[in-house]
Amino acid sequence: MFKRILIANRGEIALRVIRACREMGIETVAIFSEADRGAPYLELADETICVGPARAADSYLRIDRVISAAEIGNVQAIHPGYGFLSENSHFAEVCRSCDIGFIGPTPEAMERVGDKNSARALAREAGVPTVPGSDGLIGSEQEAVKVAREIGFPVLLKATAGGGGKGMRVAANDLSLASAWQQASAEAQAAFGNAGIYIERYVERPRHVEIQILGDQHGNIVHLWERDCSTQRRHQKLIEESPSPRLPQETRRKMCEAAVRLAKTAGYFSAGTVEFIVDQQDNFYFIEVNARIQVEHPVSEMVTGIDLVKAQIRVAAGEKLGLVQKDIVAHGHAIECRINAEDPAANFRPCPGRIERIVAPGGFGVRWDSHATTGYVVPPHYDSLVGKLIVHQPTRREAIDTMIRALKELRIEGIKTTVPIHLEVLTNTAFHEAQVDTTFVERMLAK
Ligand code: ADP
């Protein structure tokens with residue numbers, strides 16, 4: 001087992017990894033940027049190393065600096081968290097050539113699933129249904145029109161390198177396709193340095209259901225059931241839950257099997273997520289793979305009782321999973337709310353600044369994963385996640401009640417947060433009845 005690992009991330013997920021390591025008796029080296037200097041969670045690491053200025057491109061994204069820190073810190077492995085370098089196969093390869101363990105899949109597997117267009121090809125190879133769409137990348141506006149007419153409007157233009165809901169544009173007809181094409185390729189080039197675009201049929205009012213997978217380096221791979229992340233705003237997840245309400249057992253089983261099949265075809269190990277959309281007739285279609293731990297991993301941990309971060313570390317060190325599929329039973333219902341420093345009254349504008357006072361909720365079935373403390377200043381340079389509130393109860397109804405109680409208990413003063421939106425969703429009758437698709441929040445906000 002590793003004796004000492006470096007965490008190439010910050011905030012909530014850095015703290016999550018530090019906590020897992022402390023319980024496992026592993027020492028941690030935490031890197032930080034100038035903007036995160038003095039952040040309270042850093043005190044829990046055994047060593048901290050500054051890797052540069054506030055701008056992520058000058059610090060958390062600098063492979064040379066992160067590797068130097070790993071060498072200075074004398075670690076055997078790096079946990080990349082999510083975002084930043086976590087899905088950068090070149091980084092995973094550099095780790096390998098420097099003889100530093102990478103707590104994630106191999107660079108080869110990451111490459112196979114990382115690019116969305118190639119992941120679609122891989123899914124087809126594994127016999128996993130994909131959204132009807134182009135066979136590959138689209139070379140010109142004319143070709144886009146031709147393909148869109150074939151698959152039928154409305155269509156979705158997607159950046160092959162995309163993420164975080166960026167680089168996606170819906171087109172309803174030939175005319176809107178022309179401008180969508182221009183916008184999507186420009187946005188993809190600017191945000192990801194890769195203008196590659198492919199086309200999918202736009203599935204009307206789908207649900208987003210994803211399967212958590214976990215594998216070791218000995219060919220064992222299991223799934224930890226599904227998470228429903230349909231409660232989104234602008235293709236960004238707000239609330240995640242497990243199990244997915246209203247998903248027929250048979251569909252659920254098929255989706256889980258499909259995810260494992262895909263992972264096997266890719267030669268994937270470690271934790272990962274296979275994302276699908278489910279249409280109103282309960283047909284499911286693969287959309288992408290996330291080759292890392294995800295923000296919403298705690299809901300799967302709560303229902304299965306498996307610590308995914310510890311499992312990631314163990315399998316990266318070469319240990320066997322020690323689990324077979326039938327051991328993985330999902331109990332009860334878990335819900336997670338992402339608490340962001342954003343102002344819902346001002347179109348969800350990021351709202352960084354000093355937290356004057358924070359009081360975390362507690363009690364039966366409540367988990368609060370957050371690096372924020374009273375006096376903590378949310379820096380403006382990174383994503384606006386302040387904490388994740390997770391609840392676990394025997395039934396969905398009870399989980400909703402606990403979440404409402406915990407959200408009301410949570411006090412964050414000094415900055416605006418997404419708490420009011422969560423309360424609005426959780427007290428909404430349609431949400432109670434699980435009548436939720438990916439357009440639900442925007443329809444609710446438009447009222
Ligand atoms: P990103 O990597 O940017 O998060 P995804 O491919 O995971 O992009 O898609 C994000 C969200 O966009 C999905 O959860 C879903 O709400 C929506 N979406 C993606 N593909 C489609 C589609 N073909 N039809 C309708 N909605 C889609």
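This is a guided tour of a predicted model, going from one selection to the next.

Residues are numbered from 1 along each chain as its sequence is written, and side-chain values use heavy atoms, with hydrogens and water left out. Because the model is predicted, local features need pLDDT of at least 70 and side-chain atom pairs count only at pLDDT 80 or more, whereas totals for chains, interfaces and linings use all residues.

**Aromatic rings**

Begin with the aromatic side chains, among which a search of the whole structure finds six aromatic pairs; rings of Phe, Tyr and Trp (its six-membered ring) pair if their centres lie within 6.5 Å, and planes under 30 degrees apart count as stacked, over 60 as edge-to-face and the rest as tilted. Select Phe 276 and Phe 284, whose ring centres are 5.5 Å apart and whose planes stand at 90°, so this pair is edge-to-face. Both Phe 276 and Phe 284 are buried, where buried means under 20% relative accessible area, exposed over 50% and partly exposed in between, with a 1.4 Å probe and protein chains only.

Next, select Tyr 60, Phe 84 and Tyr 382, which form one aromatic cluster. Phe 84 lies in the loop between strand E4 (77-79) and helix H3 (89-97); helices (H or I, at least four residues) and strands (E, at least two) are DSSP runs, numbered from the N terminus. With a relative accessible area of 27%, Phe 84 is partly exposed, and its phi is near 40°, a positive value in a residue other than glycine. Most residues other than glycine have a negative phi, and most peptide bonds are trans.

From Tyr 382, move to Ala 35, which is in contact with Ala 54, Pro 379, His 381 and Tyr 382, leaving aside neighbours within four places in sequence; contact means heavy atoms within 4.5 Å. Ala 35 is found in the loop between strand E2 (27-33) and strand E3 (47-52), and it is partly exposed, with a relative accessible area of 27%.

Now show helix H5 (residues 116-125) and helix H8 (residues 249-266), whose axes come within 9 Å and cross at roughly 110°. The axes are lines fitted to C-alpha atoms, for helices over the stretch in contact, and angles run from 0 to 180 degrees between N-to-C directions. Leu 122, Ala 123 and Glu 125 of H5 make the contact with Leu 262, Thr 265 and Ala 266 of H8.

Thr 130 can be selected next, in the loop between H5 and helix H6 (141-151). Thr 130 is buried, with a relative accessible area of 14%, and, not counting residues up to four places away in sequence, it touches Arg 120, Ala 123, Arg 124, Tyr 285 and Phe 286.

Go on to Ile 287, which has its place in strand E13 (residues 284-290) and counts as buried at 10% relative accessibility. Its contacts, leaving aside neighbours within four places in sequence, include Val 131, Tyr 198, His 208 and Phe 276. Ile 287 and Lys 116 are 171 residues apart in sequence, yet 7.7 Å apart in space, C-alpha to C-alpha.

**Backbone details**

Two prolines deserve a look at the backbone. The peptide bond from Phe 153 to Pro 154 is cis, with omega near -5°, and Pro 154 is found in the loop between H6 and strand E6 (155-159). The bond from Ser 242 to Pro 243 is likewise cis, with omega near -5°, and Pro 243 is found in the loop between E11 and H8.

Asn 347 has a phi near 55°, a positive value in a residue other than glycine; it lies in the loop between strand E15 (342-343) and strand E16 (349-350) and counts as exposed at 51% relative accessibility.

**Helix H12**

Finish with helix H12 (residues 419-426), where six of the eight residues are buried, so the helix is largely enclosed by the rest of the structure. The buried residues are Val 419, Ile 421, His 422, Leu 423, Val 425 and Leu 426, and they pack against elements including strand E10 (221-233), strand E14 (333-340) and helix H11 (396-409).
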